[in-house]
Amino acid sequence: MKLGTRLLRRLVYFTTLAAALILMAVATSALPSIPLAHAAGNTWATTGSMATKWRKWHKKSFLLAASGLGLLLLLIPLSLAIASPSAAPGDLDTTFDTDGKLTTNFGGSDIGYSVAIQGDGRIVVAGYSDVGGTYDFALARYNANGTLDTTFDADGKLTTDFGGNDAGYSVAIQGDGKIVVAGETYLASAYNFALARYNTDGSLDTSFDADGRVTTNFGGDDIGKSVAIQSDGRIVVAGYSNVGGTYDFALARYNANGSLDTSFDADGKVTTDFGGNNFGQSVAIQSDGRIVAAGRSGAFPNYDSALARYNADGSLDASFNTGGKVTTDFGGNDFGYSVAIQGDGRIVVAGHSDVGGTADFAVARYNADGTLDTTFDADGKVTTDFGGNNFGQSVAIQSNGKIVVAGYSGEGVAYDFAVARYNADGSLTTSFGAGGKVTTDFGGYDIGQSVAIQSNGKIVVAGYSGDGVAYDFAVARYTAEVPPPYAYVANLGSDNVSVIDTSTDTVIATIAVGDLPYGVAANPAGTRVYVTNFVSNTVSVIDTSTNTVVATIAVGTGPNDPVVSPDGSRLYVPNGTWTSGGGTVSVVDTSNNTVIAIVGGVGDARDTAITPDGSRVYVSNAYGPPAVINVINTATNTVAATVDVGGNWSAGIALSPNGMRAYVSVWDAANGYLKVVDTDPFSPTYHTVVASLLLAAAPSGNPISVTVSPDGSRVYVHDNSSYNIYVVKTADTTLLTTLGGFIGGSGKMAFTPDGKRAYATTSLGLGVKVVDTDPASPTYHSVIATIPVPIGGAGGVAIVSLGGSPVPPTPTATPVPTATPTPVPPTPTPTLVPGVSTLGMVALSVMLMAAYLWARRRRLAD
């Protein structure tokens, strides 16, 4: 019996010792800044010294304390993991002000009316504040976590006085980051449109009508209710005007400097009569530049939802329903309050319908010609009851095509925010909240007024909350499904961009851009896509949350394949016409979409790649001989080096994920090569060709674009003559395989983030090819799908992943110079046990070591 006990103790002794040492090693490597020897007062430096000191201490009390503490530390991460299940769509987002909702007080009674999301993820809410009996425009800006942004007017809040009683009703963000708010001002016994523009720091923009403020008179009482920004920077405000005792839709368009745009109905203003009283409430801009305004028409208690569409010159669009106007009856007193344009051009209007004294959310969807879309709930219309009275106030379209409507629901003074989400067919999305509906109580009279969708799919609703007398701004944020990656494809011959949902391989939106769109790049956050327009000499900036062009940037002649810096703050655009050596690179500040530098001396700039630390941009040269790549130091925006890669000219270029190798496609007398350049600044062969592979011999060698797989193991090269994609193994620069049938001219390729699929563009109407690039798949390196896109679709392609949180404000630090690149950090050591943190492993090792010492003590006693 005693022998068995000794064997058991010895088994425990050796087992716990081994386990403790292994866990200590793992934990120590994972926590290098907290050495265990130092953490224990330098008493655990070795097993022997620890055992010696152990015998001098009170063994039993230490054992109990260590075991208890270890067990507690081990259970903490486990309990947190158990107690923190992933949020379901429609849940309040607890990363936003800890509970998903917040209120903001300006010092009086404060009404939030409109919300917009900046490209950097910050949230802007506009409305008005009543302090001392006078109303003024009021704005608040929040960081992505819900805290007030103190870079905005010092405390995150501001008010603006037009000289009378002023109310802001709508906010929009320009492509350069400036903030535009529209509403009303009451002066001299009449209301006028009121419009203000702010710089990104919250100051009034004095380039906008000298003082940042504009008022517009239509001749009666004029109320501006909604603002939208055209891709060319012009501003459209919609509302209503009372001239002669009846109200009509009223629209005004302003130039970027705040003056009325006289190309819009001759004087910058237009009114529209549907018959009866007509109240414009919302405006949106189609991708083709046509303007859609929604509201209501008729007379109480028999209003109908009303919709009008205008051409770019302000005239009604005769191709839209009857004479550019349409009204829709839900069977009661019907109000259209908000309009949004889907990626496919269909139009969604949301509001409410009061039938028999009870109001419900009311949503209608129209085809591009103004007819009701009968694929939407069979007749184009749907109503939704939350119980009580329900008032839809705002609509937004998620990137997955689902429709989100926000407003409020309840009775008397017991209203709550209300949100409903609909599928593309008009049915409620049952996975969202409770059967597609969510209500949120702030503890008072809570009125949701506006909804916006973040690029990561989260839903932000703004309004106000109070006791029925005094109110504060109120904002709530809700979780949603992580959007799938999207592929943005430039269609050369069609002057547009196709947006492909990679989860279904279907085109979900088509976005009009400039003349001959060519290169495509996305920022790391996935909030912006940049498309170069080769003939227009511009870059179109696409907001991925709405799939609309929010800015157009003039760059050099013949812009090609751009690249975005790792922090998203800079866009580098190579400009070259393929006919001369006088190319340039335009450096764009993405916070305001302005060109801040032009780099010359880069030959006929064709393609670009940037190092992971952002210190160097490599530019291929499509004009030679010789074939070279130019290296730009981003700290000085100058050419720091020129690397001769051999041959006549270089076309495509890509860097390995760690930035240590550049892969360059080179044409040399009809032979096509892939050249490998050492780009490790600490290497003795820095900026020299270290490998070369003949891909195709004359006359079929004309390699164009180069793409590296996310894991860096393979390089894919499009060839413009053979129409093949050559796949090269990077470990030894050997040809792995050849993919045929990619009729694509200058076709491009982009990978999904997991590297398992790639999207390759082709021309001649052959669409986008989906290639299986998962080595573990039975269909590895075969085409598994073809996605139709407009003809001439062999331009650039970028994969945008919207699942991450919005990025913080753009860093202002100077990029690291070429000579001192930032080293790549080591890959973190993974946790051994899922759900157990490194701290838990340390704790477990403490318990095991305590058990070992107990077993050792008992063994010595034997």
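Let's start with a charge on a ring: the charged end of Lys748 sits over the ring of Tyr518, 4.2 Å from its centre. A charge counts as sitting over a ring if NZ of Lys or CZ of Arg is within 6 Å of the ring centre and within 35 degrees of the ring normal. Lys101 does this too, with its charged end over the ring of Phe442, 5.6 Å from the centre.

This is a predicted model, in which local features need pLDDT of at least 70 and side-chain atom pairs count only at pLDDT 80 or more, while totals for chains, interfaces and linings use all residues. Residues are numbered from 1 along each chain as its sequence is written, and side-chain values use heavy atoms, with hydrogens and water left out.

Now the overall picture. The protein chain has five helices and 56 strands; both are DSSP runs numbered from the N terminus, helices being H or I with at least four residues and strands E with at least two. Of its 862 residues, 55% count as buried (under 20% relative accessible area with a 1.4 Å probe, protein chains only; exposed is over 50%, partly exposed in between). Among contacts with a separation of 6 or more, 48% are between residues 24 or more positions apart, a contact being heavy atoms within 4.5 Å.

On to the aromatics. A search of the whole structure turns up 25 aromatic pairs. Rings of Phe, Tyr and Trp (its six-membered ring) pair if their centres lie within 6.5 Å; planes under 30 degrees apart are stacked, over 60 edge-to-face, and the rest tilted. Here are two of the pairs.

| Pair | Centre to centre | Angle of planes | Type |
|---|---|---|---|
| Phe279 and Tyr303 | 6.1 Å | 70° | edge-to-face |
| Trp649 and Trp667 | 5.8 Å | 25° | stacked |

Phe279 is in strand β14 (residues 277-285) and Tyr303 in the loop between β15 (291-298) and β16 (304-310), so this pair links distant parts of the chain, 24 residues apart. Both Phe279 and Tyr303 are buried. They also belong to one aromatic cluster with Tyr240, Tyr247, Phe335 and Tyr337.

The tryptophan pair ties together parts that are 18 residues apart in sequence, because Trp649 lies in strand β44 (residues 649-655) and Trp667 in strand β45 (residues 661-668). Trp649 counts as buried at 15% relative accessibility, whereas Trp667, at 23%, is partly exposed.

Strand β44 turns up again in the second largest pocket, together with β32 (517-522), β36 (563-564), β40 (605-610), β48 (703-708), β52 (749-751) and β56 (797-800), as an element that gives two or more residues to the lining. About 1400 Å³ of space lies in this pocket. Of the 41 lining residues, the closest to the centre are Ala522, Val563, Thr707, Val708 and Ile799. By class, the lining has 26 nonpolar, 12 polar and three charged residues.

Ala362, in strand β20 (residues 358-366), is buried with a relative accessible area of 3%. Its C-alpha atom is 4.4 Å from that of Thr383, 21 residues apart along the chain. Leaving out residues up to four places away in sequence, Ala362 touches several residues, including Phe330, His352 and Thr383. Tyr113 is in strand β2 (residues 109-117), and among the residues it touches beyond four places away in sequence are Tyr128, Tyr169 and Gln449.

Terms used. On a 1 Å grid over the protein atoms alone, a cavity is a set of points where a 1.4 Å probe fits but cannot get out, and a pocket is an open set with protein on both sides within 12 Å along at least five of seven lines; lining residues have an atom within 4 Å of a point. Grid points are joined across faces, edges and corners, and a volume is the space filled by probe spheres set on the points. Ala, Val, Leu, Ile, Met, Phe, Trp, Tyr, Cys and Pro count as nonpolar, Asp, Glu, Lys and Arg as charged, and the others, Gly among them, as polar.
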